[in-house]
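Subject: Structure for you to look at

Hello,

I am passing on the structure below, followed by notes on what was found in it. Please read the notes with the model open.

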Amino acid sequence: MDSFDDVLEAVGPRLRMLRAERKTTLAQLSESTGISVSTLSRLESGQRRPTLELLLPLARAHQVQLDELVDAPPTGDPRIHAKPITRHGVVHIPLSRRPGGLQAFKQIVPEGWPGGDVEQKTHEGYDWVYVLSGRIRLVLGDKDFVLAEGEVAEFDTRVPHWFGNPGPGPAEMLCLYGPQGERMHVRARTR
């Protein structure tokens with residue numbers, strides 16, 4: 001079992017990784033937390049010990065549970081008690097605990113989202129989407145799909161892509177996001 005000092009020493013690299021994943025600068029994080037840039041830098045480099053007073057606003061800014069910042073030992077309860085996060089009108093419900101690696105979310109997309117023209121984006125990684133209810137429009141390169149309830153799509157996110165909800169009504173989907181090179185492996189039981 002890790003010693004108390006080992007646990008505290010691991011917080012800095014974890015904070016740096018979370019900030020890098022969110023493409024946030026120290027200045028932006030300082031503005032959102034009220035913690036000085038120098039203190040944030042010292043925390044990330046391990047030159048300053050983390051305190052609860054510093055970790056609480058950082059957990060809130062990174063939208064993670066406090067125990068994720070300190071890699072708290074498991075409590076024996078495997079259930080995830082996630083809090084919904086709303087970004088750009090879409091509700092994201094985290095279904096996995098650990099930052100980095102594969103991330104699982106349930107997303108609730110309002111009808112007509114995002115509105116406006118199709119603007120495809122690219123980034124490193126892979127996406128896997130399963131439509132629980134409603135319909136999701138996926139524009140992938142030069143192809144245009146409408147995924148209905150029960151349909152699944154998996155693709156390399158270096159291909160230009162865009163999601164929207166053509167309606168009617170809200171759509172719910174399960175999403176797995178993986179970093180470049182880490183694909184989802186979905187297995188079904190054979191009968």
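In helix H2 (residues 11-21), the buried residues are Val11, Gly12, Arg14, Leu15, Leu18 and Arg19. Buried here means under 20% relative accessible area, exposed means over 50%, and partly exposed lies in between (1.4 Å probe, protein chains only). Helices are DSSP runs of H or I with at least four residues, numbered from the N terminus. Just after H2, Lys23 has a positive phi of about 50°.

This is a predicted model, in which local features need pLDDT of at least 70 and side-chain atom pairs count only at pLDDT 80 or more, while totals for chains, interfaces and linings use all residues. Residues are numbered from 1 along each chain as its sequence is written, and side-chain values use heavy atoms, with hydrogens and water left out.

H2 packs against helix H4 (residues 37-45) at an angle of about 115°, and their axes are 6 Å apart. Axes are lines fitted to C-alpha atoms, for helices over the stretch in contact, and angles run from 0 to 180 degrees between N-to-C directions. On the H2 side the contact (heavy atoms within 4.5 Å) involves Gly12, Pro13, Leu15, Arg16 and Arg19, and on the H4 side Leu43, Glu44 and Ser45. Three of the residues in this contact are nonpolar, two polar and three charged. Ala, Val, Leu, Ile, Met, Phe, Trp, Tyr, Cys and Pro count as nonpolar, Asp, Glu, Lys and Arg as charged, and the others, Gly among them, as polar.

Helix H3 (residues 26-33) has Leu26, Leu29, Ser30 and Thr33 as its buried residues. Down the axis of H3 they fall within an arc of 105°, so they line one face of the helix. Exposed Glu31 and Ser32 sit on the face of H3 turned away from that buried side. The cover over the buried residues of H3 includes H2, H4 and helix H5 (52-62).

H3 and H5 pack at about 110° with their axes 10 Å apart. That makes H3 roughly perpendicular to H5 (65 to 115 degrees). Leu29, Ser32 and Thr33 of H3 meet Pro57, Leu58, Ala61 and His62 of H5. This contact has four nonpolar, three polar and no charged residues.

Regards

Definitions and conventions. Helix = DSSP H or I, 4+ residues; strand = E, 2+ residues; numbered from the N terminus. Arc of directions from axis to C-beta. Parallel < 35°, antiparallel > 145°, perpendicular 65-115°, else oblique.
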